[in-house]
Amino acid sequence: MADEFRTTEVGDRYAQALFDLADETGALDAVRADLKSLRAAHRESADLRRLLTSPVLKSEDVSRGLLAVADKAKFNVTTRNFLGLLAQNGRARDLMGVIVGFERLYAKKTGVVAAEVVSAQPLSTAQLTHVRSALLKALGKAPELTARVDPSILGGLKVKVGSKLFDASLKTKLDQMKFALKRA
């Protein structure tokens, strides 16, 4: 999902507020875990995506929906209250930007290097270990890997580290060839 990689000014401001609150209350790791869970749910649930982006839903309905998700998932009270506030302010559509901004702030504070690996098929443990060791060699730090499957890339890998995206997917290579052939 392209929206997962995009940050917004509003998302960054809300991320900073959430990060500061979580840090002050000692709930930084719990809130981070909740946001990772939300990101995964967003990727897998069309209903959640509709809840966050539908222009016809009132902010009260969105707030009730997000609070129900938070309660069912047993999110930290800081995360729960933040989701309610985000929806109340009509900013639920910015949740993915908030999550990206929060991850960036968390990485800056803790020194964690987060990397997302996207493949056309699930990677084996050996393949993930190979990717991790290659990133360790390139970055000088052990990355925290998140693996995701996206059949639309056809083959190869996409690796996102921070704001950098390394795209070695078959789809991109085919698109580049098609573009080159059209220019010739």
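Here are some questions and answers about the predicted model shown above.

The model is predicted, so local features need pLDDT of at least 70 and side-chain atom pairs count only at pLDDT 80 or more, while totals for chains, interfaces and linings use all residues. Residues are numbered from 1 along each chain as its sequence is written, and side-chain values use heavy atoms, leaving out hydrogens and water.

Q: In what order do the elements of the chain run from the N terminus on?
A: Let's start with the parts: the chain has eight helices and four strands. Helices (H or I, at least four residues) and strands (E, at least two) are DSSP runs, numbered from the N terminus. From that end, the order is α-α-α-α-α-α-β-α-β-β-β-α.

Q: What share of the residues in the chain is buried?
A: Buried means under 20% relative accessible area, exposed over 50% and partly exposed in between, with a 1.4 Å probe and protein chains only. The chain has 184 residues, and the buried share of them is 36%.

Q: How are α1 and α5 oriented to each other?
A: The axes of α1 (residues 9-25) and α5 (residues 77-88) come within 11 Å and cross at roughly 155°. Axes are lines fitted to C-alpha atoms, for helices over the stretch in contact, and angles run from 0 to 180 degrees between N-to-C directions. Angles under 35 degrees count as roughly parallel, over 145 as roughly antiparallel, 65 to 115 as roughly perpendicular and the rest as oblique. That makes the pair α1 and α5 roughly antiparallel.

Q: How many nonpolar residues are in the contact of α1 with α5?
A: Contact means heavy atoms within 4.5 Å. Tyr 14, Leu 18, Leu 21, Ala 22 and Thr 25 in α1 meet Thr 78, Phe 82 and Leu 86 in α5. Ala, Val, Leu, Ile, Met, Phe, Trp, Tyr, Cys and Pro count as nonpolar, Asp, Glu, Lys and Arg as charged, and the others, Gly among them, as polar. By class, this contact has no charged residues, two polar ones, and a nonpolar count of six.

Q: Are α2 and α6 parallel or oblique to each other?
A: These two helices pack with their axes 10 Å apart, at an angle of about 140°. The pair α2 and α6 is therefore oblique.

Q: Is His 42 buried or exposed?
A: His 42 is found in helix α2 (residues 28-44), and is one of the α2 residues that meet α6. Its relative accessible area is 7%, so His 42 is buried.

Q: How far apart are the C-alpha atoms of Ala 114 and Val 161?
A: Ala 114 is found in strand β1 (residues 113-119) and is partly exposed, with a relative accessible area of 32%. Leaving aside neighbours within four places in sequence, Ala 114 is in contact with Glu 144, Lys 160, Val 161 and Gly 162. Ala 114 and Val 161 are 47 residues apart along the chain, yet their C-alpha atoms are separated by 6.1 Å.
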